[in-house]
Structure formats: structure tokens, C-alpha cells
Amino acid sequence: MKDRFLAVLKTYKGPLVLVGIFLVAVLISPRTTRGEIIFLGLGNLTDMLRAITPIAIMSLSMTFVILTAGIDLSVGSMLALSGVVTGTLLVEWDPGLLPSVQIGTAIISAIVACGLVGMLNGVLIATLGIQPFIVTLAAMIGVRGLALWFSNNERIGLGVGSDVAGSFGDMFSGKWLMIGTFLVLATVFAVVLRRTVFGRYVRAVGDNALASRYAGLPLRRVQIAVYTMSGLLAGIAGVLLCARTTTGDPNAGITSELDAIAVVVIGGTSLAGGKGSIIGTINGALIIGILTNILGLRNVDFNMQLMLKALIIIVAVALQRKKVSN
Amino acid sequence: MGVFLKADGINKSFGGVQALKNVSFALEPGEVHALIGENGAGKSTLGKIIAGVLRPDSGQIVLDGHETSIQRPTDAQKLGISIIFQELDLFPNLTVAENIAIGNLKLEKSPFVSFRQLALHCRPFLDQVGLDCTADTVLKELSIGQMQLVAIARSLSMDARVIVMDEATSSLTEDAVGNLFDVIGQLKGKGVSIVYVSHKMDEIFRIADRITVLRDGSYIGTRPSREADADELIQMMVGRELSGKGRAEGHATTSRILEIADLSTDRLEEVSFTLHRGEVLGIAGLVGSGRSEIGAALFGLDKISGGTISLKNSPYSPSSPRDAVRKGIGLLPEDRKLMGLIAQMSVKQNMSLASLDGCSSGGWVEEAQESSKYLAAAKQTRLKTAGPDVEVTSLSGGNQQKVLVGRWLMVSPDVYFLDDPTRGVDVGAKEDIYAIIEELAAAGKGILFVSSELPELLRCCDRIMVMHNGRMTGIMDAMSATQEGIMSLAMAMEGAAE
């Protein structure tokens, strides 16, 4: 009985950390005057999910990138680029189109721009053989510059109201739209990883690139594809963040690439490549989301929050590591 | 002269494979003692045990009449034993002086380094090996021959009395070899003993005082090199059990499937041969002789610099392994772990990896199709596994190899290049692999079969070609070939193969 319990514990360490954090959150959550646990309120839980959505979306494609033993440091800058492209096309562009057409054009332009940046990352990594860390570090710096240049160093406020920009903000900041977008993308990514040839290749390439080459796999195409996907999802995250904050902010998402990596790592994906899952990443996103939420509810100092997050990253990864054997 | 270093009853196994069986070896002062044997005979293992790089499972190393307890290389270093590896374990971005000093117990007495003192200290050792460069030259600016000398200078600076050289000349030019041998001659004069691990017969006769032959991990014999002759040594290396009867009948047809003419790459020179449908063509030769390199050229891994290949009667020049697979070539790589297995994937996923295009529609893996093809390949290879979904690393070496063989069975290419498919594989799995090769031949495939084990080449192949130094030195019918004849060609000895 005890053995079985331990075996279950070993298999589901990631979700156990999540359940643990959830229970702690319930316990330490402040209560309303009527004694209700604020953390468990539907409004709070959905707030929590919406807050983590941009990072969580980027962490889906980051999981693929890390599975190939790569890394993408440029997603934070692409998030900002997406926001300023969206904002500019909504506020400063007056094509005289139907509002819905203009909104669609803005969104698609932002996502495509980021997708192209991601594709460029992938092409440089796959064809020049430069390490992903270096290529995407350069992109992180360069794309931030591009976003600042594009927006003249200014935040583009969408404003509120019934004009094009205002209605975009209303439409795309809804809780259920944001959470729903994440759920749809998460399902797609999970299915692609588990059920498609491409998903197999992603794992194989990350686990043993040389063996993958000897098996005749399309290494370059796999790399280009995962970085392109990373760009596209950073673009989507940027559009949603822009709507949510009603701002196209060229300084948005600084260090959010590191948050996305943290989510993936907490989810049990190995930075060495080949091992990991989308379910794990969702789990990691929820852990970070709940943690941020409950610390906010308890009014814990932001600096203290960072220190606690650091602790959670180490604990979660330490619990999930394979037993080191001699 | 008395015995200076003695290895007594050394046993060593890796996993289930016994690399050394009760081997004894004696070294006299000021002697160059060659250790020779085929690939996998255990000569490098013995050299590493003497130098403390590996620890024996049982047995003794006796130095100057005292039993030693060498646990690690630094223990050996203190006793004056050092080793120079085939792939030099030097630091390319450090200077010559730093390379000599690093990890050197005689020099690392305080945590601080005076570069001037270091240079002064290194000078005499550099002079001893005849290296005329300054001590602050960065290592990577030197030639490989010069680096070799730095490694020797490093050994000397540790007061080495015994230097183990493991395939020391494998990447040296002819001039550098001559230079190295001069240095070895001088060291001998000073009473330094050299254990010279090699498989190059001509060098051994030039340099060694005595020659010890190992075969399959066992000690076979020691001969003074003045009295030894090459034929006798080769007999000792390959053994007497001349079971090399060719196959009763093959499946070779006259229909050409692969024709290679004057193929050259960086590592091959003008290799030509023809492979027929149903034929098993063996490729013999020592490691680095060009046998794997033929596969690298065929599989789009090495750039082809000259010659032509024709596959199924049309010109063939692969741009990548993917291209090669598409055009009908499959390659089973020599290093299972490094080049073959996806460690974190299941048995089934490893097997289907190269043929997913054939078990999918529109990019979706058709699991039913994948499973049925997997089952067929698993059956054909007689794979023993707890199930299709267990991790591939849980299998034995032989079964892991069967997974990789199965990977290509699922692809079903026209030409199979099998690079040492039975290396590190147990006897039962070997038989199964031979049976698969036979079945493939019967099905009209062309098979190139690289092996270090001559008996299996003689048994499985229709013809055997021999490689040496990137060139083909002979091709013969397996029926009339002998192990001695093949070995002579592999070592490129004059007038050997009759």
C-alpha cells in the first residue's frame, strides 16, 4: 500500500507540486467579511488564468524549442513588437476600411511580423549552425530596438470607446477569450507533439541530433519550424497583452522570455532536449499563476515574490529530476 | 636486464564483455615494448590499466618489485607512469608551457603561476623532445606531430619512467613519425620504457624491442622483434581456428545495384567496386582505414570530391542523409549510442523513426499502421523486449542493435550499409543478425557489411574487399579468402595476399 502510494507520488510529482501550491493558497488566502475564501472565487481564479495567459501561450512553443535542445530568448521582444504593430495599425492607420477588417489586418500583421522574426531565427540556427542562445540573444536585442523604433519610443495608448482601437480592446481582453485562446493553442500543441510525425521529430532531434541525422530526419526543417512557431505564438501573446493593457508598449515583456522558460522548466521539460510535455508546461504555468496570484492577494512585497518564485523553480525541478545514479 | 614493470593476471570487463582475461605483461627498463592485436583485442585497455586510467577488476601492477595500488592517473603519475592518447588530451587554447604544467603535480605547488618561471622550467623538456618553439606558443598553432611532442615533454616533466603511447602515430605524417621515433630512441637511451600500442606492423618492426600479441582479451605471446616475422605475428593475432569456410551458396545475382568508380573524399582515395542484387560484400580493414568512410560518402555525410556512383543504373550523388534514404540507401552506424538510439524514446518509436513517412497520412502518425509494421520488424529481428513502449535503453546491447537493424528493415532500402553491426553484441544476437543479412540477400537487396571480425565476414559474405589508409587494397571471393590474407592486406604488407 505504501509502495503503491510512493509509486503514484513518483509518477505525478509535477501535478503534486501544483496541488500543494493550490492547497497552500486556499489556506493562506484572505477571506471576505462573510468568511469566503477570496482565492477560490470564480472571479479571482479567472483573473489568475488571464494574467498568466501571455506567458503561458509563449511557453507552449518554448516547450517545442527546448525539446529540440534549443532556447528562444527573443520572445519577450517579439511580444513587444506584436503589441506596437497592433497598436500602430489600430490608432495611427486610417485606411477607411470596415473596423472589423482593420482589426483583423492589425492582428494578422502583428502575428506574421513575429512569425517572420522567428523564422529568421530558425534559418540562422539551422543553416549557419550558430547556437540558438546566441542567435535569439541577438534577436532579443535587435527586435526590442525594432519595437522601440517602430513606436518612436512611445507607448501607443488604444484608449477606450467605440472607435476601432477601443473596440479591439473590448473584444480581445475578455477573460474567456484569453483563456479560451490558450486552451485551444495548448490542445493543438499537445496533439501535435503526441500524434504527428513532426512531434516525433522534435523529440528525436532534441534527444540525439546525430542519430536523427543518421536516421535521415529533416533536422533543418524541424529547427526552422519550431522557431517560427515560437515567433507566431509570441505574436498572439502580444496581441492579447496589447488588448488587455489597451497599450502597444515597446517595453512590454522585458524578462518575460525568462518567465516562459521558467514555466517550461517547472513543467519538467529538460533543457538538454528530448524530454518534456505540453501537459507539464500547462502545469508549470498554473503553478506560477497561482503563486503570483496568492502572493498578490496577500499583498506580499513584489521583491519578496521574486525570491519566492526562485525558490519554487528550484524545488519543482529538484523534485522532478531523475534519480542520479552512479 | 631485469623486469621493471609487471602486470600480473589482469582481468577487466565492461558491462558483460570481458576485455582482458588474466593477462600478464612485463616491461624492462629502457625498452620499447609493442602491444599489438586486432580491433577489440584489449591492447588499449591494457595500456590504460598500466597508466591508471582504468582500474582492473583483478590483478596486480608491480613496479620495481613493489606492488602498487594505482587508483587513478595521478597515482600512476607519482610512480612515473604516464600515457599519451591517440586523441591527445591537451588544451588547444593554452600555451605549450601551460599544457605541460596543467594537472602536473611536480609543477602545481602553489595556486599562483609565474609564467616566466614556467617557461624556464619547460625549456629543457622541450629541448629533449627537439621541439623548437617558444613555451608561450598557443598549442593549436602547432602541427599534430608537434603536439605529440608536447605531450611527451609533459610526460618527461613528470619524471616519467614509463610512457604508454596509444596509437601515437595514427594522425601523423611520415616525417613526424620519423621525428617521433628519433625522440623515442633517445628516451630509451635514458632508461625510459615505452609501451607502444599500435596496429601498424611496419612501425612496430622499426621501433619495438619486443612485441606482445593480444587476441580477444587474452595474452597470446611475446616475441623479440628481431626474431619475429610478420606472418607469425598475424597468425597470432587472428588465431588458429581457421573456421573460415565460405558460404555454401549465396544469393548474388549479376544485376548491378550499386557501382562506385574512383570515389574520393577527404578520407577516401579512388575506391571502386560494384555491388550486385542479392550480394553481401564484406568490407574489412582496421578502424580508420576508410571502411566506415565509404558509408559516410554513400550516405551523404562526407562530401564527394571525385569519382562517380551509380545506384540502380542512374547517377547518384546524395546531398544529405535524408536524400540518401529517399534514394534507397540505409546506413546502420558503427556507434549505437552516439549515432543510433534516441535514448528517451520507446522501442517502437526508435524503430519507426526513419520510416514515419510511410506510417502516416497528412503528417499524422497512423498508430495502427506503425504498430503493425513494428511488429513485423520486431519479429524478423527476433527482438526480445518487455513491450513496444518500454524505453529503448532498458534493452540489452544486442536487442538495442536489433532495434536499429529493425529501423532500416521498416524503411526497406535497396542498399544496406551495415557498419560493424555485431560490435558489442552477444552471441545469440549475432546469429540473429547474420540470419537477417541472409534474408535480405535472398530478397535481392545489396548489402555492404563492415566488420572487424574476419570469421564473420568469411561466413556471411560473397566477396570481401579490404581497406587500408583510405584505399582499397584488395577484393576477393570469400570462398578463397583467408584471415591471414585479409589481415596482410589490411596492414598493407607487401606481397601478402595470395
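## Strand pairing and the model

Two strands count as paired if DSSP finds at least two bridges between them. This structure is a predicted model. One such pairing sets B:Ile283 opposite B:Val450, a residue of β20(B). Strand β13 (residues 280-284) of chain B and strand β20 (residues 446-450) of chain B run parallel and are joined by four bridges.

Strands of a sheet pair through backbone hydrogen bonds, in either a parallel or an antiparallel sense. Chain B has an open sheet with mixed pairing and another with antiparallel pairing.

## The six-stranded sheet of chain B

The pair β13 and β20 belongs to an open sheet of six strands in chain B. The strand order is β16-β19-β20-β13-β21-β22. Its edges are β16 (329-332) and β22 (471-477) of chain B, each pairing on one side only. On average, neighbouring strands here are turned by 20 degrees against each other, direction ignored.

Helices pack on this sheet. Helix α14 (residues 397-411) of chain B touches β16 and β19 (415-419) of chain B. The direction of α14(B) makes about 175 degrees with that of β16(B). Helix α17 (residues 483-490) of chain B lies across β13, β21 (463-468) and β22 of chain B. Against β21(B), helix α17(B) runs at about 30 degrees.

## Helices α14 and α15 of chain B

Helix α14(B) also has a helical partner. α14(B) and helix α15 (residues 427-442) of chain B pack at an angle of about 15 degrees. Their axes lie 10 Å apart. The two helices, α14(B) and α15(B), are therefore roughly parallel to each other. Their crossing is left-handed.

On the α14(B) side, the contact residues are B:Gly398, B:Gln401, B:Lys402, B:Val405 and B:Leu409. They meet B:Ala429, B:Asp432, B:Ile433, B:Ile436 and B:Leu440 in α15(B). By class, this contact of α14(B) with α15(B) has six nonpolar, two polar and two charged residues.

## The four-stranded sheet of chain B

The other open sheet has four strands of chain B, in the order β12-β11-β14-β15. Its pairing is antiparallel. The edge strands are β12 (268-276) and β15 (314-315) of chain B; each pairs on one side only.

Strand β11 (residues 256-265) of chain B pairs with β12(B) over six bridges, in the antiparallel sense. A hairpin connects β11(B) to β12(B) through two residues. Within β12(B), B:Val271 is the bridge partner of B:Leu263. B:Leu275 of β12(B) stands opposite B:Leu258.

Strand β11(B) is also joined to β14(B), by five bridges, and these two run antiparallel. Here B:Leu258 stands opposite B:Leu311 in β14(B). Helix α9 (residues 291-298) of chain B lies across β11, β12 and β14 (306-311) of chain B. Relative to β12(B), helix α9(B) runs at about 75 degrees.

## Helix pairs in chain A

In chain A, helix α3 (residues 42-67) packs against helix α8 (residues 175-195) at an angle of about 30 degrees. Their axes are 9 Å apart. Angles under 35 degrees count as roughly parallel, so α3(A) is roughly parallel to α8(A). α3(A) passes α8(A) in a left-handed crossing. Their contact has 16 nonpolar, five polar and three charged residues.

Helix α2 (residues 13-28) of chain A and helix α14 (residues 302-320) of chain A form another pair. Their axes come within 9 Å and cross at roughly 145 degrees. α2(A) passes α14(A) in a right-handed crossing. From α2(A), the contact uses A:Lys13, A:Gly14, A:Val17 and A:Ile21. From α14(A), the contact uses A:Ile312, A:Leu319 and A:Gln320. By class, the contact of α2(A) with α14(A) has four nonpolar, two polar and one charged residues.

## Where the chains meet

At the interface, 25 residues of chain A are in contact with 32 residues of chain B. The two chains bury about 2300 Å² between them. Of this area, 56% is on carbon and sulfur atoms.

Which residues of chain A lose the most area to chain B? They are A:Val197, A:Arg200 and A:Tyr214. Together they account for 32% of what the chain A side buries.

How values were computed: Residues numbered from 1 in each chain as written. Chains lettered and ligands numbered in written order. Predicted model: local features only at pLDDT ≥ 70, side-chain atom pairs only at ≥ 80, totals over all residues. Heavy atoms only, no water. Contact = heavy atoms within 4.5 Å. Axes fitted to C-alpha atoms, helices over the stretch in contact; angles between N-to-C directions. Parallel < 35°, antiparallel > 145°, perpendicular 65-115°, else oblique. Left-handed = near helix turned anticlockwise from the far one by under 90°. Nonpolar A, V, L, I, M, F, W, Y, C, P; charged D, E, K, R; others polar. Buried area = accessible area lost by both parts, 1.4 Å probe.
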